[in-house]
Amino acid sequence: MTAKRALVLAGGGVAGIAWETGVLCGIADESPETAAALLDSDVLVGTSAGAAVAAQISSGTDLGELFARQVAADSPELHPGMGVEGVAELFLAAMTAPNTSAAQKMQRIGAVALAAQTVAAPLRRQVIERRLPSHRWPDRCLRITAIDIDTGELTVFDPDSGVDLVDAVAASCAVPGVWPPVLIGPRRYMDGGMRSSANLDVADDCDLAVVLVPSGQGAPSPFGGGAAEQAAAFGGRAHVVFADGAALRAFGSNPLDPACRVPSALAGRDQGRRHAADIARFLSGRPPLAEG
């Protein structure tokens, strides 16, 4: 029986979109068949920046065209007006509140998100519209994560959810305090990365998962273990590519800033070339190449 494969794309701001696109292009440079296998994964899981990339690649748009968008001089992205440190400060009280569950902490963060002064929701939605080559759900398994502000629980949107694709991606990318929460029906949503940058457990029904994480392996997670811990729980079924030192330097101090887009894409492409062989071996069931 053929193994059920997932490609899991984690959150990481505008830098993350550029880096993940670059990594996939770099893999294609070295091993077109490996890149094709990743793009044809049975399940695509996207969180925040990864939601945008998952929607982009599931549209069938050529990787070269998606990469060209990232390194183009012009960009539809808006400057957030706040860096990741400012976001962390907003939520420090909520994340450290004693005797509260994870869901209650999320609800407190959601309250901050609702009270924050941000750009208007229609303007932010236009940015998401321009990110996506297609506004229609693909005829395949695409799972996009977001947090229900009122319950504090994870929501997974897919083609059967009855939700507009643009709204699903906008919800997953709605960094609280930076971008406005997204209203879908009677519910309000914020960034799925508030629970986990990767949400790898959303692919629990898969036999194998390749995970792209635009942060360092030791990056802290506000609630429990980060991507490395989730991958460990996934056992040998997950192969994770974390951003390397060059990529982290390309991201700069604020991965939400559109100015980091071009260097992040270039760093990702270089890293993808170097990881292509190991990913090919993982997908084929062979051990990784020895380092050194």
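Which handedness does the crossing of α3 and α8 have? I began my notes on this predicted model with that question. The crossing of α3 and α8 is left-handed.

**Entry 1: α3 against α8**

I looked up the geometry of this pair. Helix α3 covers residues 49-58 and helix α8 covers residues 165-172. They pack at an angle of about 150°, and their axes lie 7 Å apart. Angles over 145 degrees count as roughly antiparallel, so α3 is roughly antiparallel to α8. I then listed who makes the contact. From α3 come A51, A52 and A55; from α8 come L165, V169 and S172.

Next I checked how covered α8 is. Of its 8 residues, 8 are buried, so the rest of the structure largely encloses α8. Among the buried residues I noted D167, along with V166 and A168. I also looked at the start of the helix. There, a side-chain oxygen of D164 comes to within 2.8 Å of the backbone nitrogen of V166.

**Entry 2: α2 against α11**

Helix α2 (residues 32-39) packs on helix α11 (residues 261-283) at an angle of about 60°, with 10 Å between the axes. The two helices are therefore oblique to each other. Their crossing is left-handed. On the α2 side, I found T34, A37 and L38 in the contact. On the α11 side, I found A276, I279, A280 and L283.

I followed β3, residues 141-148, through its pairings. The strand is mostly covered, with 7 of its 8 residues buried.

I took β2 as a partner. Strand β2 (residues 43-47) runs parallel to β3, and 5 bridges join them. T47 has T145 of β3 as its bridge partner.

I went on to β4, residues 154-157. It pairs with β3 in the antiparallel sense over 4 bridges. I147 is bridged to L154 in β4. The two strands form a hairpin with 5 residues between them. In the turn, G152 has a positive phi of about 75°.

I then checked β6, residues 187-191. Its pairing with β3 is antiparallel and spans 3 bridges. Here A146 stands opposite D191 of β6.

**Entry 3: R131**

Is R131 buried or exposed? I found a relative accessible area of 7%, so R131 is buried, the cut-off being under 20%. The residue belongs to helix α7, which covers residues 121-131. What does its side chain touch through polar atoms? I found a polar contact with the side chain of E77 at 2.8 Å. I also listed contacts beyond the neighbours within four places in sequence. They include V14, I17, Q56, R69 and C173. A52 is in the list too, and A52 is one of the α3 residues in the contact with α8.

S48 has a phi of about 55°. It sits in the loop between β2 and α3. Its relative accessibility is 7%, so S48 counts as buried.

N199 has a positive phi of about 50°. I placed N199 in the loop between β6 and β7 (208-213). Its relative accessibility is 0%, so N199 counts as buried.

Terms used
Residues are numbered from 1 along each chain as its sequence is written. This is a predicted model: local features need pLDDT of at least 70, side-chain atom pairs count only at pLDDT 80 or more; totals for chains, interfaces and linings use all residues. Side-chain values use heavy atoms; hydrogens and water are left out. Buried means under 20% relative accessible area, exposed over 50%, partly exposed in between (1.4 Å probe, protein chains only). Two strands pair if DSSP finds at least two bridges between them. A polar contact is a pair of N or O atoms within 3.5 Å; within protein, one must be able to donate a hydrogen and the other to accept it, and residues adjacent in sequence count only if both atoms are side-chain atoms. Contact means heavy atoms within 4.5 Å. Axes are lines fitted to C-alpha atoms, for helices over the stretch in contact, and angles run from 0 to 180 degrees between N-to-C directions. Angles under 35 degrees count as roughly parallel, over 145 as roughly antiparallel, 65 to 115 as roughly perpendicular and the rest as oblique. A crossing is left-handed if the near helix is turned anticlockwise from the far one by less than a right angle, and right-handed if clockwise.
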